[in-house]
Amino acid sequence: MSSSSNSSSSGGNGNGNGKGNGNDGNPAAADTNHRDNSRGQKHYLIMDAGKERIKRMMSMGKPNQAIHDFSTQNGLDIPAADAIYGLLHSLGHTKWGIHESVLRATLLSAEAHIQKKTLPPEQHIALLSQMKHYLAVPRLQHLPLMLLERHPGLVPDDICEAILQTPGLYQKCSVAVKRELWRRDYNLFAGYMMPLIDNYAKNEELLDMSREIFSTNVKSYSRRRRVHPALTQISSAIDADLKLYMQTLGMVRHRFLETNNPVFGTLRLDLVMSMHENDVSEITRNDVCHKLAWSLDACIMKQIMDDRRVLELQKYFDGIDPDNAPYGEIALILSSPYSRHILAQYIFSILKDIAPNAQVSTRYTDLTWPSLMTIIGLSAHTLLSQERPKIPKVDRSVTRVFFRSIIPFILASDKHDHKLGSYQLHLQKGSVGKKAQLNHAGAFSDSDSLYSKMSNLQPSFEDISILSSSELARQVLHVFLLKRIAEFDMAMLNIWLPAVSEAFKASLGLPDTAYARTAADDTHQPDVALELRQNAFECDAFMLNLVLHIKETKGVAAAIVNSAIQGLDLAGQGIKGANTDGVISHAIEAAPLLGLFDQLAHVRHCAHEQVISFLIECTSILSTEYSTANGGGSNNNNNGGGTSDAVEGLGSQSQTVPIHNKESAVYFVFVLAEHAAAKYAVDPEQFDKLGRLYHKLAAVSPPQAFEYRISSTNCLHSSKFLKK
């Protein structure tokens, strides 16, 4: 920007009244040229330089005369300036106002010139050098910053140093300019990037999505993650810069080693796939995990591992040099919950194929590769910590004992599904046999009798031992059990629940006292050892998926509530007078799934959330049934029977299993909510989210609940979450 005008001095107001104070907002204080007439040169009197000159002039003579002389020497550098000043002054304009208007017009002209034209590199650097002093002037510093954006890769060292030494100036730079500064200063880049990485890991939406083991929604999650601000902010900061990309991966590894949080594995997967989708070949060509991520991501998005993708993945590993393999990076990608969950589904699909011909099947060897991939992902923290990582071995007790032990349960569940399918077909034709009924819980009555006839259909002590020590075994079992909920097969779930409960306790490594809290105890979520945090993540994931599939499978929530209130037998035992612990213990005994909920919610905040989410589902059903009853429908207070309605519920997606005793169910929801608020684990960082769930529970609580309606006035313990 050339010195086309000599503005009045820093510290003066340019009208000779002596009121100037050097304020940065004064354009006269912003950019001042002083013409030294004796030598024909101009000196910039900006900021401190202008202030010092004013001080010297004021101390050398009469102040008023000094101000007048300075104003005369440093006015507008245009022909007939004095005449113009006189004319404008006669029209009521002050010199300050004149200079302000000139500066605004000059700034607009300079901004338009910078935006309109991109200079050759040599001229660009030369102009930057002339404008360097503007960086110290708040009113003008945007001009050199705008110029920098025209060539963000050309930031001279002195300009870089000036930006970093001027408070607040770095924050005003565009991301493109910051990117060049980051290339020179790792700590500066880390200061920008680390909060974004942490934000990705803590984002509630992304975290909940990553916990879904399988559902119709998971197919869309990759696309949703790739456009989520938590990721796009990171990828935009990197752009196509290989150096910054590699440094970002290092930060992701650092956070993963600090926390053992598998969400950072998902971030590692998302970063390389974001570069792939944006066709940043310079990065994907240099990322050794690109082909792995590409094939794996395709499986995740389709929620199936077909033969072609499996072959691609196997070829990727075959092409790795064993002596120089990036096992740590590979493990980080495989540690992503999305990676492990699709591998667990693939293992289960192989077991399903084996089951009909288990004695002669040749597919047992097919279990080795996906099991190894899962183990590598689960061992990511160890592998990244090793200087020369070695691939862990698959525990043979899992592949040779536990997986084979599951096969009889798969066969039994297939028989269940066949009978249920036949039953539903007869139901549609209107010819239901005597045995084709639902029990009091709303479950297919033949399930219990079918499974009870199979004397060996119970997990062995060895199965439970393997489950307790192997996350691989647990993840495959989780897939099986969640699929059973989708088939309304609660009997199979109940067979495995004791083993699952014991396995979770072992996998979290917490003392027994953590599971036996009282209302007076601290309800903070207990810390899990670093090496067990992936286990804790999967514990949370299983709880979330249990409730998710319960909500998605019509009638299951009502069936669980019916089991609980059947056990309570409120009317016959006067249980309303019993203490909360007594009510909960009766409910758990009658509905084993509630026992798992209760156990895990004592130590895991996510389980606490899922219990309240389950109660929201139950209360919504209750509210609907109260509304139906008040509208003249049947099922107002059916304490027994209810079989015909329940049968209709199982055969039609438009109906649900009814709750047999609404008043008892309302009391059960009230007691469990109060029990949860008093004793279940709370993560302080997630308190607000939990509070929103309690508010939602209160909102759907039916008015007919009266004294047992969930509200801040009725609930002693829940009220702490219902405060606004």
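Colleague: In which loop does Asn-260 lie?

Modeller: This is a predicted model, in which local features need pLDDT of at least 70 and side-chain atom pairs count only at pLDDT 80 or more, while totals for chains, interfaces and linings use all residues. Residues are numbered from 1 along each chain as its sequence is written, and side-chain values use heavy atoms, with hydrogens and water left out. Asn-260 lies in the loop between α15 and α16 (263-277); helices (H or I, at least four residues) and strands (E, at least two) are DSSP runs, numbered from the N terminus.

Colleague: What is the phi of Asn-260, and is the residue buried or exposed?

Modeller: Most residues other than glycine have a negative phi. Asn-260, although not a glycine, has a positive phi of about 55°. Asn-260 is buried, at a relative accessible area of 3%; buried means under 20% relative accessible area, exposed over 50%, and partly exposed in between (1.4 Å probe, protein chains only).

Colleague: Which residue follows α14?

Modeller: Asp-239 follows α14 and is found in the loop between α14 and α15. Its phi is near 55°, a positive value in a residue other than glycine. Asp-239 counts as partly exposed, at 44% relative accessibility.

Colleague: Which residues of α14 are buried?

Modeller: In α14 (residues 229-238), the buried residues are Ala-230, Leu-231, Ile-234, Ser-235, Ala-237 and Ile-238. They lie on the same side of α14 because they cover an arc of only 160° around the axis, the arc being that of the directions from the helix axis to the C-beta atoms.

Colleague: Where is Asp-489, and what does its side chain reach?

Modeller: Asp-489 is placed in the loop between α27 (471-486) and α28 (490-508), and is buried at a relative accessible area of 0%. Its side chain reaches the backbone nitrogen of Met-492 at 3.2 Å.

Colleague: How many cavities does a search of the whole structure find?

Modeller: Rolling a probe the size of a water molecule over the atoms shows where empty space is left. On a 1 Å grid over the protein atoms alone, a cavity is a set of points where a 1.4 Å probe fits but cannot get out, and a pocket is an open set with protein on both sides within 12 Å along at least five of seven lines; lining residues have an atom within 4 Å of a point. Grid points are joined across faces, edges and corners, and a volume is the space filled by probe spheres set on the points. The search finds 3 cavities of 30 Å³ or more. The second largest cavity holds about 60 Å³, and α32 (580-590), α33 (592-601) and α36 (662-679) each supply at least two residues of its lining.

Colleague: Which residues lie nearest the centre of the largest pocket?

Modeller: They are Asn-261, Gln-525, Arg-604, Asp-683 and Glu-685, among 28 lining residues. The largest pocket holds about 920 Å³, and α29 gives the largest share of its lining, 4 residues.

Colleague: Where is confidence lowest and highest?

Modeller: Where pLDDT is low, the predicted coordinates should not be read in detail. pLDDT is the predictor's confidence in each residue, from 0 to 100. Its mean is lowest in α35 (residues 643-651), at 35, and highest in α15 (residues 242-259), at 98. Over residues 632-655 the pLDDT is below 50. For the protein, the mean is 83, and 83% of residues reach 70 or more.

Note on methods
Contact = heavy atoms within 4.5 Å. Polar contact = N/O pair within 3.5 Å; in protein donor to acceptor, adjacent residues only side chain to side chain.
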